[in-house]
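I'd like to walk you through a few spots in a model I've been looking at, so let me put it up on the screen.

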Amino acid sequence: MSPLARKRLGRVALNAAGVAVFLFAVFPVYWMVATAFKPNDQIFTTSFIPFPDPPSMDHVSRVFTQGVAGNSIWRYLLNSTIVALSAVVIGAVFALLAATAVARFRFRFRTSFLILLLIVQMVPAEALLIPLFTMVKRLGLYDQLLGLIVINVGLTLPFSVWMLRTFVAAVPKELEEASWIDGAGRFTTFWRVLFPLVAPGLVATSIFSFITTWNEFVFALTLIGDQGKYTMPVALQFFVGQRSTDWGGIMAASTLMTIPVLIFFLLVQRRMVSGLVAGAVKG
Amino acid sequence: MKIVKIAVATSVTAALALGLAACGSDSGTTEPTGTPAASGPKFAGQTLTVWRLGAPTDVADKYMNDLNAKFKEVTGADAKVQWIPWPDAQKKWTAALAGGEGPDVTEFGNDQVAAWVAQDALSDITDVVKGDSELQQIPQNLWSYETIDGKVYAAPWGGGTRAVLYRKDWFDKLGIQAPKTWDELVTAAKTIVDKQGKDVDGFAFNGGSDANMSLSPFVWSAGGDFASFEAGKWVGKLTEPGFKEGFQFYTDLVAKDGVSGKGRLTQNSVDIAQRFAAGKVGMYVTGGWDIAAIKEQSKGKIDESKMGFFSLPNKDGSGPAPAFQGGNDIAIWKDTKNAELAAEYLKLASGKEFGVRYAKEGGLLPLYPDALTEMGTDPAQKPFTDTFAVAKGFPASPNWAEANDTKAVLQNAARSVIDGKKTVDQALADANGELETILNQ
Amino acid sequence: MAQTSTVARGGGDPSAPARRHSPRPRRRTGLPNWLVPYVLLLPGLLVIAALLLYPLYQMVDMSFHQVGLRQIRAINPTPAEFVGLDNYNSIFESDLFWTSLRNTVVFAVVTVALTLLLGTLVGLLLNKLGPKMSTFVVVGIMAAWATPPTAQAVVWKWLFDSDAGVVNWTLNLLPDWLSNLVFGRSDWSGQPWFNDTITLYLVLIVAVVWASFPFIAVSVLAGLKSIPSELYEAARMDGATAMSTFRKITFPLLKPVFSVLVVLSTIWDFKVFTQLYLLAGGTVNRDAFNLSLWSYAEAFSSPPKMGLGAAIAVVLTGILLVITFVYVRNIIKTEDVR
């Protein structure tokens, strides 16, 4: 086989593997979307129905027109977006600072801090519910989106710091030293040299924080009193009744809830794959 | 640089919020306690928080608006409604108790009242109830869940009960009449098994999470009961003759009469409903909501014309057997800062006008006898209203839930009898000991 | 001009101007070097201390007391009775401890291994694919990751449904000889997956791997992107094979990322809750408990035993600490002396 043909064959195999991964990942998602478009008798059935036949807009239009718990579905999406975006931005800044500290400096309590970050992640979040609730209450943040933002920063921060410090550590120190020698200040060095190189890692951790925050349920339920301030995961629970559950509605709302995450991802992922990184290293 | 500015702005805001809030500045929405105008109603300017469970439908929204408008008219105070999703109510109440950020008035499932009273979460409203002539019209047998140690902690708001759902088309085809005695019930079930096939349950045995709702009518009909509260502790009654008779009949449905499959001893009413929808069940004990669910699950093959309800009969045919009394309550949260106003709200909501409306519009049974009688003129509702008039509750102990489904005491006893591992006497004696331990822990 | 420098510094250290009273920083010479890391840590540390450390302390404290709702209430609480190690004793005496521990550990080991394997392979694949194909696949796996946990659990429950599920339907499509050879049976109609603890956990493993491999893949991809491409070019010039390139370049450079991923995945899979809760149908099926579901069941189902629930959570944390001990020791040994 000629090298060219082998190369082409390799490309085909790679693409085929890509398609297989895509199918495995997407099939259950497809099932969620398909269910959103199935009339009820096709959801509760004893036979296998691959496509909604005929598709029904019942659930989707119900979710949009009737809303949930007296508010339009957009309200919950907006609340979720506010909470998730704020938590991600604040969390990213705090995490990057802390990660730089642990990856670039030696100081007392550094090891203790790292171990601490690990331990707090080991505790089941449900076990912290009551103490955290009292804490938020004491901070005067009950029934406010700000309270949820702060909580989510707290819940995702240990992970982000832990993850980011490896990315910061991977940046050769010489690059920064060169910048220092060029007469740049601390901040300039940080912003011009370190930040671009850590960007892919920052994006990966931000996506993680975004999804965690976006799906967070227990605190969103308990820390909010007014249903106008509930987030999407809580709104989803309203489809579960005392004796029956509106699965079509849940799937329609879940589909709706998945879309903003994909949008967020498409917005930030370019930073991860852009030539920025390679360019910076070369330069 | 735009991003930097945003980042700076947000993080500074967050830091400020944390810092400031930690200093104890409470930015919560405390309503100003308005001084009532000299001529205005007593509570003008005050606000109550009311928790309702579930998602508000248009009907429920209108009901709450009407109720709150009336409340404003009578007391001058506002009521703010907050809706809580059903599956999460437990967490919400727990957090409310821990944080002191609870409601003033809340809706409750009546079987949850005892557990929350044990946690000191609900106000004693005995005086409120006894002093209200409308609430006194609700029959005494409907206050069993709400009364603990002689004190009342909640008012029944709407009721529910269970009856026997049966295949009307099979009954017509096989010439079976709705059973009036236990013997007729067994005969009917046997006929169904004979004619419809051996894999069909003539009368489906429920041994799953809600088994006691199916077992209890037989026990109560025979004059037995689960336990009673005597001299400060719970005493198990499982070994008394009445209970034994009902229990024996219930297990015999499988063991002796063979009208329910031996391989399905742990199915609950949801599982049975699915088999019913697949045409494999003739009769079983459930609530009115299953008709719609089954129609949906069977894709309309089994619709209203093929289903009907009858009240489970007493053994000797003397009317309907007592069945489990379910339903929702309204209660005053112990931590309320305005108990007097909350009591006004409770009296108005569960009073005759709004109490009956709550029940009817929510698909429940009204608690006021004349409204219940009126509802019974609808043949579809009659089996329920008949049964409800003699309905009873399970032991009002906070630990009942543990015996009922977590440890599944009677389900295990029934299984051991049917499997032939224990005699009825032995199984019930063991179960009685276990039940007493759980209830008195 | 001090104003400008504050704002400029703000990007690097946003919270410091608002909270600290250290000498006004001037460029380069402003902050003493020893102070810099503490300033950088401050905002994060504040949040963690307030929102995680203090609650953590309360949880440990709770585990030595008998705590119900009466004790935790904000208004007129009853003092909690100190019971010493009673809660811990009742954990270790309970049969549930051993079954939940077994479920927790076996599940975590299998799931971590599968997730990392699949995630790394997909990450490498994404790096090899052309830009269009890569974006296509990444968006696909992102959709899996982004699906709300409730929807995830419900969809997998349906896919494995005994009557209408795709899985049984597909297994029935297999040629009988193959099915008999691999599984020893050919008829899958009505196979119930959720009655038995083992098959229930099998479904749980599939669902959790499916939901968590995208994160590994994306992290590995991010790590690969930050490896200078010159290194690979040099390797190619030397005629290195794909395998040896991975062993000599990719793996060593990604090693820190991998070790983080291993530890974090272990921690998460040890604590898996939402999916199990939904697949097992709540807290009724005691055989299927893992430690976090057990802790939750004790703390929140009636009657609430919060002290016992907290004690189980403490035990879970302790076990995780023991398991990650080697890793933690490495941090202390290697990183601190660098």
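Predicted model: local features only at pLDDT ≥ 70, side-chain atom pairs only at ≥ 80, totals over all residues.

Let's begin where two chains meet. The crossing of H7(A) past H11(C) is right-handed. If you want to click on the residues, H7(A) brings Phe159(A), Met163(A) and Phe167(A), while H11(C) brings Phe215(C), Ser219(C), Ala222(C) and Gly223(C). Sorted by class, that's five nonpolar and two polar residues, with no charged ones.

Buried or exposed, what is Leu145(A)? It's buried, because its relative accessible area is 16% and the cut-off for buried is under 20%. What does Leu145(A) touch, once we skip residues up to four places away in sequence? Asn79(A), Ile82(A), Val83(A), Ile224(A) and Lys229(A). Leu145(A) also has its C-alpha 8.9 Å from that of Ala220(A), and those two residues are 75 apart along the chain.

Now step back to the loop between helix H6 (129–138) and H7 of chain A, where you'll find Asp143(A). Here's some background: most residues other than glycine have a negative phi, and most peptide bonds are trans. Asp143(A) isn't a glycine, yet its phi is positive, about 60°. Asp143(A) is buried too, at 11% relative accessible area.

Chain B has another one of these. Ala231(B), again not a glycine, has a positive phi of about 50°. You'll see Ala231(B) in the loop between strand E9 (227–230) and strand E10 (233–236) of chain B. Ala231(B) has a relative accessibility of 83%, so it counts as exposed.

The bond from Asp53(A) to Pro54(A) is cis, with omega near -10°. Pro54(A) is in the loop between helix H2 (40–43) and helix H3 (58–66) of chain A.

Helix H8 (residues 211–221) and helix H9 (residues 241–255) of chain B have axes 8 Å apart and pack at an angle of about 125°. That angle makes H8(B) oblique to H9(B), and their crossing is right-handed. On the H8(B) side the contact residues are Ala211(B), Ser214(B), Leu215(B), Phe218(B) and Val219(B). H9(B) answers with Gly242(B), Phe243(B), Gly246(B), Phe247(B), Phe249(B) and Tyr250(B). The tally by class for H8(B) with H9(B) is eight nonpolar, three polar and no charged residues.

Still in chain B, zoom in on Thr387(B), in helix H15 (residues 382–389). Thr387(B) is buried, at a relative accessible area of 1%. Which side chain does Thr387(B) have a polar contact with? That's Ser311(B), at 3.2 Å. Beyond four places in sequence, the residues in contact with Thr387(B) are Thr161(B), Arg162(B), Ser311(B), Pro320(B), Ala321(B) and Ala323(B).

Last stop, chain C. Its secondary structure comes to 17 helices and two strands. Of the 338 residues in chain C, 53% are buried. Taking contacts in chain C with a separation of 6 or more, 61% are between residues 24 or more positions apart.

One helix to pick out here is H8 of chain C, residues 149–159. Ten of the eleven residues of H8(C) are buried, so this helix is largely enclosed by the rest of the structure. Among the buried ones are Trp156(C), Trp158(C) and Leu159(C).

And finally Leu129(C), in the loop between helix H6 (95–128) and helix H7 (131–146) of chain C. Leu129(C) counts as buried, at 7% relative accessibility. What are the neighbours that Leu129(C) touches, leaving out residues up to four places away in sequence? From chain A we get Arg11(A), Leu14(A), Asn15(A) and Gly18(A), and from chain C, Ser134(C) and Val137(C).

Note on methods. Residues numbered from 1 in each chain as written. Chains lettered and ligands numbered in written order. Heavy atoms only, no water. Helix = DSSP H or I, 4+ residues; strand = E, 2+ residues; numbered from the N terminus. Buried < 20%, exposed > 50% of the residue type's maximum accessible area, 1.4 Å probe, protein only. Polar contact = N/O pair within 3.5 Å; in protein donor to acceptor, adjacent residues only side chain to side chain. Contact = heavy atoms within 4.5 Å. Left-handed = near helix turned anticlockwise from the far one by under 90°. Nonpolar A, V, L, I, M, F, W, Y, C, P; charged D, E, K, R; others polar. Axes fitted to C-alpha atoms, helices over the stretch in contact; angles between N-to-C directions. Parallel < 35°, antiparallel > 145°, perpendicular 65-115°, else oblique.
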